[in-house]
Amino acid sequence: MFDSSKYTTQSVADRVPLHVQIMLWTLIKRKRLAGEELDYFQVFELSLYIDGGQSLQKVIHRQEVPPFAEMHYFDTEEVYVGKIWAMDNGGYATMLLPSDH
């Protein structure tokens, strides 16, 4: 899973900063390289987190099978707030917004 070509929908390309997209693909890649089992459907919940006056990108990364949820914080100048999905159909992976479905 998630080791083939990667695409984004036009809405992701238009609304989600490129560095955030790369960050999410990297989180998936780290799990894959660690040998962890990945579901074809990855969910990311992104929000703003303030720590000592500093704006951080908070990411909750989830999947259903096998179940897991991880929380990550990234220092970034541009924070995205919303939910993003990544799906792998076996031939390629696509990053999309729930509204694209």
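Phe2 is found in the segment before strand β1 (5-8); helices (H or I, at least four residues) and strands (E, at least two) are DSSP runs, numbered from the N terminus. The model is predicted: local features need pLDDT of at least 70, side-chain atom pairs count only at pLDDT 80 or more, and totals for chains, interfaces and linings use all residues. Residues are numbered from 1 along each chain as its sequence is written, and side-chain values use heavy atoms, with hydrogens and water left out.

| Site | Backbone value |
|---|---|
| Phe2 | phi near 60° |
| Val65 to Pro66 | cis, omega near -15° |

Most residues other than glycine have a negative phi, and most peptide bonds are trans. Pro66 lies in the loop between β3 (54-63) and β4 (68-75).

Phe2 counts as buried because its relative accessibility is 1%, where buried means under 20% relative accessible area, exposed over 50% and partly exposed in between (1.4 Å probe, protein chains only). Val81, in the loop between β4 and β5 (82-88), has 59% relative accessibility and so counts as exposed.

Leaving aside neighbours within four places in sequence, Leu24 is in contact (heavy atoms within 4.5 Å) with Phe44, Leu46, Val59, Ile84 and Met95.
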